[in-house]
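These entries record what I looked up, in the order in which I looked. I began with a single side chain and widened the search from there.

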Amino acid sequence: FAAISDLENLPRFVPQLTAVRTTQGDQIEVVARYHGHEHRGEATFIADETERRIEWGAPSGYRGWMKVDPDGNGSRLTLFLETQHGSERDHDVAATLDAVRMLVEAEV
């Protein structure tokens, strides 16, 4: 949970993000690269240590959450994504999950 809840790690497991910074409260500013173009925008990022869950959302309708639960001697990560555009591809989600796995393994 520590690895995914650290805002500075967000660009390490969301390949499209190139920069993130906190603006106020749970509001963040993001810089992302899609289809060769840089885009700037605002989003929310909430980390709940008690629930071991992070949530994010953008005005475009893209939102999601990740939750870490105990699983035997390890942990289970549940990921939920929702988008209004339908442009996210399975390989983009798989790349994000693979990046989360590598990040967590590097932190352990």
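Entry 1. I looked up Arg 40 and found it exposed, at 60% relative accessibility. I apply these classes: buried is under 20% relative accessible area, exposed is over 50%, and partly exposed lies in between, with a 1.4 Å probe and protein chains only. The model is a predicted one, in which local features need pLDDT of at least 70 and side-chain atom pairs count only at pLDDT 80 or more, while totals for chains, interfaces and linings use all residues. Residues are numbered from 1 along each chain as its sequence is written, and side-chain values use heavy atoms, with hydrogens and water left out.

Entry 2. I then asked which side chain Arg 40 meets in a salt bridge. The partner is Glu 38, at 3.7 Å from N to O. My criterion for a salt bridge is a side-chain nitrogen of Lys or Arg within 4 Å of a carboxyl oxygen of Asp or Glu. Glu 38 is partly exposed, with a relative accessibility of 49%. My search of the whole structure gave five salt bridges.

Entry 3. I turned to the secondary structure and noted three helices and six strands. Both are DSSP runs numbered from the N terminus: helices are H or I with at least four residues, strands are E with at least two. Along the sequence I read the pattern α-α-β-β-β-β-β-β-α.

Entry 4. I traced strand E4 (residues 53–57), which runs antiparallel to strand E5 (residues 63–71) and is joined to it by five bridges. I count two strands as paired if DSSP finds at least two bridges between them. The two form a hairpin with five residues between them, and Gly 61 in the turn has a positive phi of about 105°. Arg 53 stands opposite Lys 67 in E5. The side chain of Arg 53 also forms a salt bridge with that of Glu 55, at 3.2 Å from N to O. Arg 53 is partly exposed at 22% relative accessibility, and Glu 55 is likewise classed as partly exposed, at 35%.

Entry 5. I followed E5 onward to strand E6 (residues 74–82), with which it pairs in the antiparallel sense over nine bridges. Val 68 has Leu 77 in E6 as its bridge partner. Two residues lie between E5 and E6 in this hairpin, and Gly 72 in the turn has a positive phi of about 65°. I also recorded a salt bridge between the side chains of Arg 76 and Asp 71, at 3.3 Å from N to O.

Entry 6. For the chain as a whole, I noted that 27% of its 108 residues count as buried.
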